[in-house]
Amino acid sequence: MSDPRFFSRQGPFDLATLAEIGGAEIGTTGEQGRILADIAPLDLATSDDLSFLDNAAYLKDFTQSKAGACVCAPQHADKAPEGMALLLAAQPYEAYARMAQAFYPQVVDAAAIDERAIIDPSAVLGENVGVAAGAVIGPGAEIGDGCRIAANATVGAGVVLGRDCLIGANVSLSHCLIGDHVTVHAGVCIGQDGFGFAASPSGHVKVPQVGRVLIGAHCEIGANSTIDRGANRDTIIGEGCWIDNLVQIGHNVVLGKGCIIVAMTGISGSSKLGDYVAAGGQVGIAGHLTIGAGARLAAKCGVMSDVAPGETVSGIPAMPIKEHFRQVAMMRRLAQKRGQDK
Amino acid sequence: MSDPRFFSRQGPFDLATLAEIGGAEIGTTGEQGRILADIAPLDLATSDDLSFLDNAAYLKDFTQSKAGACVCAPQHADKAPEGMALLLAAQPYEAYARMAQAFYPQVVDAAAIDERAIIDPSAVLGENVGVAAGAVIGPGAEIGDGCRIAANATVGAGVVLGRDCLIGANVSLSHCLIGDHVTVHAGVCIGQDGFGFAASPSGHVKVPQVGRVLIGAHCEIGANSTIDRGANRDTIIGEGCWIDNLVQIGHNVVLGKGCIIVAMTGISGSSKLGDYVAAGGQVGIAGHLTIGAGARLAAKCGVMSDVAPGETVSGIPAMPIKEHFRQVAMMRRLAQKRGQDK
Amino acid sequence: MSDPRFFSRQGPFDLATLAEIGGAEIGTTGEQGRILADIAPLDLATSDDLSFLDNAAYLKDFTQSKAGACVCAPQHADKAPEGMALLLAAQPYEAYARMAQAFYPQVVDAAAIDERAIIDPSAVLGENVGVAAGAVIGPGAEIGDGCRIAANATVGAGVVLGRDCLIGANVSLSHCLIGDHVTVHAGVCIGQDGFGFAASPSGHVKVPQVGRVLIGAHCEIGANSTIDRGANRDTIIGEGCWIDNLVQIGHNVVLGKGCIIVAMTGISGSSKLGDYVAAGGQVGIAGHLTIGAGARLAAKCGVMSDVAPGETVSGIPAMPIKEHFRQVAMMRRLAQKRGQDK
């Protein structure tokens, strides 16, 4: 399936190896010694391919799949088509992820410093660093071992990157300290001034933004997202956060560990999210709020007040999701009734 | 009207020539042999200018316009002010578009390879290609005849561009195959990893994203939009799609032909849009949905379930637009009634 | 508080100097001759720090703060903790902003033209201009005195910048005239084609976009925002507008003076905003509307019709905010009642 212009595949692997890699158990169906050469989705897979079933919406594809093997939850095993080997796991997507990484381990460009990269003499580069053509690294920047800086990215004065960071093309970094193993996709802007000014009819007055952005280890920041530096404290992204494309994070925002922020969500200044908060796409979070650990914010909701730990909210303004569902259902009934009354 | 620093004008043209270019019929009013030297909006046009009426909201401007000639629908002809020549067309905006192109044909930079462009020796460039200063073209990339790559754009390893593509400044392309006559505006990111990972409290696990982005001929992609590559199949943008600024398109998404996606819309992973779907601004489409051909999604709606071909939906969650209007009207009445009751 | 890698601090200042800078009055509490060495938020400040209280949500932090001095409104003076000197101002955030600027005056890079900047010989640069490595300045561009063009920014042919503009990294400018003292943050795209085409089943037909973008003096444009050039007139951003990150401004839009546009707001083509309009985050404004001076658009609202001067609107579709609050309250009551009825 994958295009050799872009990806190089490892393997093949036999079922037992994949089971070990993914922490899965081999099911009782299918040909146990099967060799898998690639990964593919259920509808496209052939007998050489490993596939997976995670979302029950794809159960029909599962029952009709020609995949040689499939990672799935034990409760779906009896729906498997004849001849499909199974790799059973309680968390099938996670197990599949680890197996897929075996087929396609992350490949990074060679650790070369392109002669057309522009590196300030006072910048400090670790071992095994790659800097592509047109990338600009400013004075006093520190680039950890194993980092790759893609073409035309800019790393501002004093910026610090931990080890094994991947900085995408055309990224703009300033006023930030970034932990180990962080991936910043193309076009991201980190560390610019927050939206800080005193509104005044005689001309808005800028408030100097003298904080930084601190990004924990193992974060991933999606393309063209923006993270403003703090006003007078730091903007902080906790370890292991995954931030999607076109997300906006305002000054002084604090994200706990492992938060998941889906595309086009905006988090206004000084709001604090606990660990493992998950925000759906196009969510808006007002400023100065506290979102408790493990809270879930449904796509497109508008959060205007604090959210308790573990709570799931939805709607504009955001409310407990059950209440929102009740409102949506009530509206539908009332409007249909009126439609019929006419 | 246009600034000669930025635009170079052709013409003038007489009415008959313009009528032929636009497939319009000359109306019975006005001075038929009139020569038009430029285009201008109704309120700013003088007797040398061609204007157009498409949106009825501008009917008053039309009746007061000093334009020498105006493209409009036949039913508006009798509202024309004295002395205005008319070019009548059933689709006045389309007819005007073709005439305006005659005044302002697309101008591209000279087909020069700037000596400060950075082109991998293994990249293959067609005839008549322009690559501006600071642009970086990676190994194995193929650039079709007549393409222009603007300053500081990056074209990643193996990327293929068809003929006559225009790639804007600071664009980041990777893992994609792009058809002929595609325009990619400044700051766009295409081909980066999708938001693919298995969420886990012990650290989210990345799922390798081994698909591509395929973009059909004659597409236009707006500034700072992002299109993720597929996870295990391709993300596909059909021929002739127009995508506005700051749009997000997730992994595995498929757009049919001629879709119109207005600014700030987000399309979540694995959703499929049929031909000629139109999405208003700030629409959100959840993942794994099917939006039928010709469906229309009103601005800001949140699509959480499949939409039938030809249907128009609105609201959050999105519903048939008539139902949404009924709900909005009902809410207004109920709240006013309560307000009066107090 | 601030990191010396990124910021250099002035001062210290005594209370009297700060009062004069901020137009504040020294309160009767605290040690009047106190010397302040830095700024800090209420919860982190020590006796050497100046802090401020603007948002009443932080009143508790105020009462417990160890700040040596604090700018606040006179009505909060009696809540100050013992030992805190006060600087009283009717507009405390504005007064603080001016004092903070004294501690942290804007620092710009040296006015050097990097030898790896790429400047067309026909471009005209004023006095005291800085152009960083990888920045590309096109033919005929005019760069005013005191401007700084950051790394890998592109300034297209014919673009004009006034004096003392700051253009961020990876910015793409074309077809625009920019006034004095304008700050354009990283990744912004200004002047590209608007979303102009006549939709047609035989292929959408592009309408040439032959206007410009005009940006008034003292504007600030946030990271990765996009401003399209006019179709047949200019897109105009009035003097002193503050535009946040990831904002989209369509072709022909006109903003009056001093507008405040919070992140992720989209303004559709040809809409006109009067002076000092304020739009919250993720607002959507449909095309061809008139928003009166001083109107306020609540976060996430969807403006589908004209808004009167001074009006505050909220909701989707946007309505007067009191009406929206009434609807929200009514919905809550009705749904709760139904919940109880079951």
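Analyst: Here is a short tour, going topic by topic as you ask.

User: Great. What should I know before I start?

Analyst: This is a predicted model, in which local features need pLDDT of at least 70, side-chain atom pairs count only at pLDDT 80 or more, and totals for chains, interfaces and linings use all residues. Residues are numbered from 1 along each chain as its sequence is written, while chains are lettered from A and ligands numbered from 1 in the order in which they are written.

User: Okay. How is chain A divided?

Analyst: Chain A has domain 1 (13-103) and domain 2 (174-342); such bounds come from an automatic or database domain assignment. The centres of domain 1 and domain 2 of chain A, taken over C-alpha atoms, are separated by 36 Å.

User: Which strands of chain A make up the open sheet of 5 strands, and in what order?

Analyst: The order is S2-S7-S6-S5-S4 in chain A, and the pairing is mixed. Strands (E, at least two residues) and helices (H or I, at least four) are DSSP runs, numbered from the N terminus. Two strands pair if DSSP finds at least two bridges between them.

User: Which are the edge strands there?

Analyst: Strand S2 (25-26) and strand S4 (38-39) of chain A, each of which pairs on one side only. Further in, strand S6 (residues 69-72) and strand S7 (residues 85-88) of chain A are parallel and share 4 bridges. Within that pair, Val71(A) has Leu87(A) in S7(A) as its bridge partner.

User: What does helix H1 of chain A touch on that sheet?

Analyst: Helix H1 (residues 15-22) of chain A packs against S2, strand S5 (49-52), S6 and S7 of chain A, and its direction makes about 20 degrees with that of S7(A). Contact here means that the C-beta atoms of two residues, placed from the backbone, lie within 7 Å. Angles run from 0 to 180 degrees between N-to-C directions, and axes are lines fitted to C-alpha atoms, for helices over the stretch in contact. H3(A) also lies across the sheet, over S4, S5, S6 and S7 of chain A, and runs at about 140 degrees to S6(A).

User: How do H1(A) and H3(A) cross each other?

Analyst: Their axes come within 8 Å and cross at roughly 120 degrees. H1(A) and H3(A) are therefore oblique to each other: angles under 35 degrees count as roughly parallel, over 145 as roughly antiparallel, 65 to 115 as roughly perpendicular, and the rest as oblique.

User: Which residues meet there?

Analyst: From H1(A) come Leu18(A), Ile21(A) and Gly22(A), and they meet Ala95(A), Tyr96(A), Arg98(A), Met99(A) and Ala102(A) of H3(A). By class, this contact of H1(A) with H3(A) has 6 nonpolar, 1 polar and 1 charged residues. Ala, Val, Leu, Ile, Met, Phe, Trp, Tyr, Cys and Pro count as nonpolar, Asp, Glu, Lys and Arg as charged, and the others, Gly among them, as polar.

User: And the helices in chain B, at what angle do H1 and H3 pack?

Analyst: Helix H1 (residues 15-22) and helix H3 (residues 92-103) of chain B pack at about 120 degrees, and their axes are 8 Å apart. H1(B) and H3(B) are therefore oblique to each other.

User: Back to chain A. What is the order of the open sheet of 9 strands?

Analyst: It reads S9-S12-S15-S18-S23-S26-S29-S32-S35 in chain A, with parallel pairing. Strand S23 (residues 213-215) and strand S26 (residues 235-237) of chain A run parallel, joined by 3 bridges, and Ile215(A) stands opposite Ile237(A) in S26(A).

User: How many residues does chain A put into its contact with chain B?

Analyst: Chain A gives 55 residues and chain B gives 46. On chain A's side, helix H3 (92-103) and helix H4 (321-341) each supply at least two residues. That side divides into 28 nonpolar, 19 polar and 8 charged residues.

User: And with chain C?

Analyst: There, 46 residues come from chain A and 55 from chain C. H4(A) gives the largest share of chain A's side, 4 residues. The side of chain A that touches chain C divides into 17 nonpolar, 23 polar and 6 charged residues.
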